[in-house]
Amino acid sequence: MRWYFCLFSIFLIPAVTANAGNSGCSVDLPVNVVTMTGGVIRNLKPADLVAASAKNQPLKIESVSYDNAPRRILFVLDTVHDLPSDARKAEAKIVDRILASARPSDSFALITARGTARAIRFDQGRDALKQVVAELANDPKEKSTELGVLDAMLEGISWFGEPKSGDSVFLMAMDLEGNSKTNVKKIAHELDARHMRLFGLVLGPINLGSTVSTQSDNYKGQFSYATAGTMPDTRDQDFYPLAMNSGGYLVGDNSMAEHKEWKLTDERLQRLQSMGLQFYQVMTDFQHLRVESPSSSQSFKLALSESALERFPKTAVLYPRQLECK
C-alpha cells in the first residue's frame, strides 16, 4: 500500500542500556513499530525495546504484548468556511473509507468545528454516523458551530467516559485556532492522562520542524525523519508536538497555498483515503507496553534495541512521550 505522509517525524533515539531502573509504578502504553514501507511490526519481546528517562536513566520494560482489542475512535472535522470546499469534502470521504473497512467491534464518534455543525456520539451507532458523513461529503452550507477546533476535540473526548486501551482521535483541520473553552496545554494534559493518541491531517500551513516541508509530495510517499526546529510565526506551531507527543502522527497537505488551487482529484482522494486506512491500522493494531517509572510523572525515550535494529533497520517507534503514574 502506498504511503502518503509528508511527515512520520520521530526523534531517532540512540539505544540505551536495558537494565532495570529504580522501583516505582508501572505504566501501560500503546506502542507501534512501523516500517518505512508502512508495515506494522508485531510480536515484539521486551528485549526488542529499550527505555530511558529524559536524563538517560534506564527504565525497566516489564512486558510487551500484542493488542488488537476493540477500539474507540473520535473523528474531529474542521468544517470552517475558509477551507476550500474540496478540502472539506475530502475530510468526509476519508472517514467514509475508514468506516467501509472498519472492524465490527470498533466504535466511532464524530464532531465538527468552526463550520457546519454535526455531532454523533459513540452510542448513536454506525448507521447514524454514516448518514452524517454522507451529508458532510456534499459540503452543506449551514450556520457555523461556535466550537473551535480544540473546543470540539475536548467535547468529543468527554464522550469516551472512562479511558480504554487504544482510545484515539483523528483530527482533520486547517489549524487549531478559534477556541474559547480550552487550549493546547489542557488538551495535551487530557491526552497524557488518558493515554489517548492524536492522529492528524493538517489542511493548512504547519510547522513540521526546520528540516521538513509542508508538502508530502516532496517525499514521494516515503517517511521523513526530522527533529523539531525553529517554528515560524506564519505556521501552526502546536499541531505537530500535540500529535507526536501523544504517540500519534501527522500528515500535511496544505490546501491554503496561494500559488495553486487545491483540487480533490481522483489520485489525491485515493492517497488521502489510503493514509486514513493506515492511520486506522496503527490505531487498532499495536503493542501493549508495560514500563516501570520511578516517578509520578516524567518524559521518557523509547527505541529498538541494537539486536532489534538489525532485524528491523528502517523503522520508527510511535509512543506517548510522557509517563503518568496513577
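Q: At what angle do the axes of helix H3 and helix H4 cross?
A: This is a predicted model. In it, the axes of H3 (residues 149-158) and H4 (residues 184-194) cross at roughly 25°. They come within 10 Å.

Q: Is H3 parallel or antiparallel to H4?
A: Angles under 35 degrees count as roughly parallel. The crossing is at roughly 25°, so H3 is roughly parallel to H4.

Q: And which hand does the crossing of H3 and H4 have?
A: H3 passes H4 in a left-handed crossing.

Q: Which residues make the contact?
A: From H3, they are Leu-150, Met-153, Leu-154 and Ile-157. From H4, they are Val-184, Ile-187, Glu-190, Leu-191 and Arg-194.

Q: How do those residues of H3 and H4 divide by class?
A: There are 7 nonpolar, no polar and 2 charged residues.

Q: Next pair. How far apart are the axes of H1 and H2?
A: The axes are 8 Å apart. H1 covers residues 85-101 and H2 covers residues 126-137. They pack at an angle of about 150°.

Q: What does that angle make H1 and H2, parallel or antiparallel?
A: The cut-off for roughly antiparallel is over 145 degrees. H1 and H2 are therefore roughly antiparallel to each other. Their crossing is left-handed.

Q: Which residues in H1 and H2 meet?
A: On the H1 side, Lys-89, Ala-92, Val-95, Asp-96 and Leu-99. On the H2 side, Arg-126, Leu-129, Lys-130, Val-133, Leu-136 and Ala-137.

Q: How many charged residues are in the contact of H1 with H2?
A: It has 4 charged residues, along with 7 nonpolar and no polar ones.

Q: Changing topic: how many residues are in the largest nonpolar core?
A: It has 71 residues. Phe-75, Met-153 and Phe-170 have the most contacts inside it. Helix H6 (residues 266-284) gives the most to this core, with 8 residues.

Q: What does Phe-75 touch?
A: Leaving out residues up to four places away in sequence, Phe-75 touches Val-95, Ile-98, Leu-99, Phe-108, Ala-109, Leu-110, Ile-111, Phe-170 and Met-172.

Q: What about a second core?
A: There is a separate one of 22 residues. Among them are Leu-49, Val-317, Tyr-319 and Leu-323.

Q: Last one, on the whole chain. How many helices and strands does it have?
A: It has 7 helices and 14 strands. Of its 326 residues, 56% are buried.

Notes: Residues numbered from 1 in each chain as written. Predicted model: local features only at pLDDT ≥ 70, side-chain atom pairs only at ≥ 80, totals over all residues. Heavy atoms only, no water. Core = buried A, V, L, I, M, F, W, Y, C linked by side-chain atoms within 4.5 Å. Buried < 20%, exposed > 50% of the residue type's maximum accessible area, 1.4 Å probe, protein only. Helix = DSSP H or I, 4+ residues; strand = E, 2+ residues; numbered from the N terminus. Contact = heavy atoms within 4.5 Å. Axes fitted to C-alpha atoms, helices over the stretch in contact; angles between N-to-C directions. Parallel < 35°, antiparallel > 145°, perpendicular 65-115°, else oblique. Left-handed = near helix turned anticlockwise from the far one by under 90°. Nonpolar A, V, L, I, M, F, W, Y, C, P; charged D, E, K, R; others polar.
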